[in-house]
Amino acid sequence: MQILVLGGNGFVGRAIVEDALAHGAEVASFSRGKSGSPLPAEVTELVGDRETGDYDALRTGEWDAVVDLSGFRTRDVDQAMDVLGDRGGRYVFVSSHAVYVRDLPAGTDENAPRREPMRDAEVLTNDTYGPCKVACEDDVLERYGDRATIVRPGRVTGPGDSSGTALYWIRRGARGGRVALPTKPEAPLQLIDSRDVARLVVQLITDERAGAFNAIGPDSTIAELIEVAADLSHTTVDIVPIPLDAVPPRFPLMDPEAEWGERRRSPAKARAVGMPVTPLRTTVADVLQWDLDRGTPELSLGLTPEQEAQLLAQQ
Ligand SMILES: NC(=O)c1ccc[n+]([C@@H]2O[C@H](COP(=O)([O-])OP(=O)(O)OC[C@H]3O[C@@H](n4cnc5c(N)ncnc54)[C@H](OP(=O)(O)O)[C@@H]3O)[C@@H](O)[C@H]2O)c1
């Protein structure tokens with residue numbers, strides 16, 4: 001099987017490349033060549049730029065499936081589909097759970113209503129990212145029909161997750177002591193391990209499955225994430241809830257309580273077709289090890305220990 005991964009050197013893309021190779025596929029990756037660490041030598045690296053419409057590297061070649069991880073606006077997917085035509089086989093578009101309307105109750109599945117599509121937005125924000133992904137999904141479905149597969153991940157973490165979002169809390173648990181938490185400890189999470197997303201994507205390609213699939217991890221809570229990291233690091237934590245408005249907006253993994261239903265979506269459809277469920281403890285252990293191996297660089301988000309101590313002193 002031959003697979004072309006658009007964005008194979010990124011965080012999730014890398015996991016897909018590794019899973020595909022482990023399952024005997026031949027893999028090519030298309031990107032600007034800026035992100036991530038070097039890909040395994042057996043991966044064919046194709047260089048181009050979706051921002052400038054440079055797809056020359058894709059003008060020849062044939063694949064059984066294309067996995068699109070770098071499509072964010074309709075022009076991205078439209079240009080890629082124009083260049084690839086019928087040479088790409090199945091088109092797997094990696095979308096997002098952000099396509100769904102906000103404030104849904106717990107337990108919704110792939111049939112939940114999506115947000116209004118947005119065909120273009122120069123800047124991707126919380127308000128434009130999801131609607132732009134909706135429009136991309138529509139274009140891929142219209143062009144590829146039964147050969148289109150849509151994967152909608154929730155928040156992903158795992159080795160290689162340099163976004164820092166989950167890592168802030170994992171490191172915070174590992175440090176131990178009093179932890180300032182700007183939400184309730186029972187705030188729900190469904191972090192998915194990047195390797196589970198990868199397994200799902202490669203299995204969907206192998207089985208030639210069409211349709212949309214939520215790639216959602218096991219139910220947990222923010223307190224569990226912190227406590228698991230503490231336990232793995234042989235320390236303990238004392239979680240101290242603080243007001244959400246005491247920290248900067250868009251604080252890692254913090255959402256208003258009205259949106260908690262978005263962290264209790266149903267992964268049943270994807271699990272039924274083979275998506276594994278890596279336990280949170282395994283994911284956290286592997287993230288901690290990966291972070292240690294790369295030398296625990298400073299994160300550009302969250303609170304510094306000094307800022308946290310100040311907030312805790314006010315409690
Ligand atoms: N991470 C999550 O929690 C999460 C959750 C839901 C959905 N998703 C979706 O999953 C996909 C991958 O996410 P990720 O976290 O793995 O992102 P990432 O690490 O930032 O990877 C993005 C990939 O796209 C490539 N890329 C970026 N700009 C490009 C351009 N102009 N031309 C060609 N290639 C370009 C990057 O390589 P170069 O920089 O080398 O070009 C990289 O391979 C995205 O579509 C995202 O919406 C992610």
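Student: How are residues numbered, and what pLDDT do local features need?

Tutor: Residues count from 1 along each chain as its sequence is written. This is a predicted model, where totals for chains, interfaces and linings use all residues, side-chain atom pairs count only at pLDDT 80 or more, and local features need pLDDT of at least 70.

Student: Which helix gives the largest share of the shell around the ligand?

Tutor: A residue is near a molecule or strand if its C-beta atom, placed from the backbone, lies within 6 Å of it. There are 21 residues around the ligand, and Gly7, Gly10, Arg32, Ser35 and Ser70 come nearest. Helices are DSSP runs of H or I with at least four residues, strands are runs of E with at least two, and both are numbered from the N terminus. The largest share of the shell, 3 residues, comes from helix H1 (residues 11–22).

Student: Within what arc do the buried residues of H8 fall?

Tutor: A residue is buried if 20 or more other C-beta atoms, placed from the backbone, lie within 10 Å of its own, exposed if 12 or fewer, and partly exposed in between. In H8, Leu280, Thr283, Val284, Val287, Leu288 and Asp291 are buried. Taking the directions from the helix axis to the C-beta atoms, these buried residues line one face of the helix, because they fall within an arc of 130°.

Student: Which residues of H8 are exposed on the other side?

Tutor: The buried residues of H8 are covered by elements including helix H4 (165–175) and helix H6 (222–232), where contact means C-beta atoms, placed from the backbone, within 7 Å. On the other side, the exposed residues are Gln289, Leu292 and Asp293.

Student: Where is Glu208, and what is its phi?

Tutor: Most residues other than glycine have a negative phi. Glu208 sits in the loop between helix H5 (194–206) and strand E11 (211–215), and is partly exposed, with 13 other C-beta atoms within 10 Å. Although not a glycine, Glu208 has a positive phi of about 55°.

Student: Is Leu253 buried, exposed or partly exposed?

Tutor: Leu253 lies in the loop between strand E13 (237–241) and helix H7 (268–272), and its phi is positive, near 65°. With 19 C-beta neighbours inside 10 Å, Leu253 counts as partly exposed.

Key. Two residues are in contact if their C-beta atoms, placed from the backbone, lie within 7 Å.
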